[in-house]
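Hi,

Here's the structure I promised to pass on.

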Amino acid sequence: MSRQSSPKRLATRLVKGGTHTTVVGGRAVNPPVVRASTVLFDSMDDLNDARRRRGTERMFTYGARGNPTGFALEDVVADLEGGYRTRLFPTGLAAISMVFLAYVRPGDHVLISDCVYQPLRHFVETFLKPWGVHVTYFRADGSDADEHFTARTKLIYVEAPGSLVYEMCDIPALADLAHRHGALLVADNTWGSGVQCRPLMLGADVSIMAATKYLSGHSDVMMGTVTTTQEVWQTLSTMADAQGVAVSPDDAYLVLRGTRTLAARLQMHERHALEIAHWLESLPDVARVFCPALPTHPGHALWQRDCLGTNGLLSFEFANATTAQADRFVDALELFGIGASWGGFESLATVTNVAGTRTCEDWSSAGPIVRLHIGLEDPQDLIDDMTAALERVFGQPSRVG
């Protein structure tokens with residue numbers, strides 16, 4: 001006769017009830033949000049086997065080593081980037097930091113593109129240099145990178161297009177330079193989103209994205225991703241495990257949901273941004289418009305060769321204006337939020353300090369530069385808003401088209 005379980009008391013039923021519910025029928029479109037710190041196994045043999053294998057295989061063994069919701073997002077990003085595997089991090093900067101921690105050691109030398117975003121420069125000054133890593137910045141277009149290469153150079157780091165004014169560099173050429181000397185090429189691909197650009201397909205070893213931006217698309221979650229080739233994966237994975245880096249499954253779900261509409265959103269961002277970029281080029285108040293998709297952009301030929309489109313980012317330089325006037329222009333906008341991020345559905349504007357973020361080129365003589373992120377609003381409404389703001393600041397409607 002089989003043994004019958006004795007009735008359990010209330011406290012036990014509350015703890016154990018509903019943990020093995022089976023639902024008959026179909027399945028949800030999206031993978032479930034799996035919130036877990038503790039992960040249970042059927043036996044000690046299963047637990048010990050998982051622990052033996054988790055250093056080299058992706059396994060659900062403990063919350064700090066990832067969860068099924070995050071694994072689903074990793075698969076999407078790895079496919080987008082054309083890489084071997086992807087690891088998720090709490091922010092884009094955390095992803096960047098982990099790459100340096102994984103592949104660089106005290107005494108090594110790294111080359112960093114002059115156009116990287118400012119938080120990376122802060123990381124260099126507050127951690128890399130005090131840690132004993134030697135850092136040299138090279139021109140944003142990559143033209144002098146080989147001149148700074150040394151026997152101790154272990155890594156070249158690029159951002160293409162660059163922050164703020166979107167300089168292009170030759171990623172395949174820099175990959176060749178790095179690989180000839182046994183170094184790695186790492187690319188910040190946040191601008192490219194795995195849709196407009198795929199650095200791993202151009203020769204890079206590591207590609208980083210701030211999923212905070214276009215992958216999420218809704219300005220409500222922070223996350224970074226690192227995708228690598230198979231050859232360099234284990235080094236990154238081991239370091240991330242050693243530091244217990246993980247992301248919330250709820251955040252992973254939000255980014256995963258955002259990726260479903262990524263291609264459609266980017267088409268709208270591109271179409272709206274190009275319409276506004278061409279309008280800005282027609283204004284006598286504007287000296288330059290910075291967008292690699294424009295034929296007037298210095299890196300346009302490289303953009304045509306290496307990218308499949310553009311996004312909502314563009315900047316423009318006032319021809320004859322003070323920084324105070326540029327500030328008033330941004331303040332006068334009604335449809336643009338004032339903020340430092342980008343990649344959401346909304347339009348943003350901010351006055352940038354390009355000169356303060358470049359060391360290889362002198363931007364001190366440039367006029368005030370406004371960075372725009374063009375969102376999903378009707379572009380004519382955005383043009384009308386900017387036209388009204390220009391008129392309020394400069395007081396000459398005839399100068400704005």
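Let's start with a charge and a ring: the charged end of K213 sits over the ring of W342, 5.5 Å from the ring's centre. "Over" here means that NZ of Lys or CZ of Arg is within 6 Å of the ring centre and within 35 degrees of the ring normal. R121 does this too, lying over the face of Y137 at 4.1 Å from the ring centre.

Before you go on, this is a predicted model, where local features need pLDDT of at least 70, side-chain atom pairs count only at pLDDT 80 or more, and totals for chains, interfaces and linings use all residues. Residues are numbered from 1 along each chain as its sequence is written, and side-chain values use heavy atoms, with hydrogens and water left out.

Now the rings. There are eleven aromatic pairs in the structure (rings of Phe, Tyr and Trp, the last by its six-membered ring, with centres within 6.5 Å; planes under 30 degrees apart are stacked, over 60 edge-to-face, the rest tilted). F316 and F329 are 5.9 Å apart at their centres with planes at 85 degrees, so they pair edge-to-face. Because F316 is in strand β9 and F329 in helix α12, this pair ties together parts 13 residues apart in sequence (helices, H or I, of at least four residues and strands, E, of at least two are DSSP runs, numbered from the N terminus). F329 also pairs edge-to-face with F318, at 5.6 Å and 85 degrees.

F318 and F329 are both buried (under 20% relative accessible area, 1.4 Å probe, protein chains only; over 50% is exposed, in between partly exposed).

Cheers
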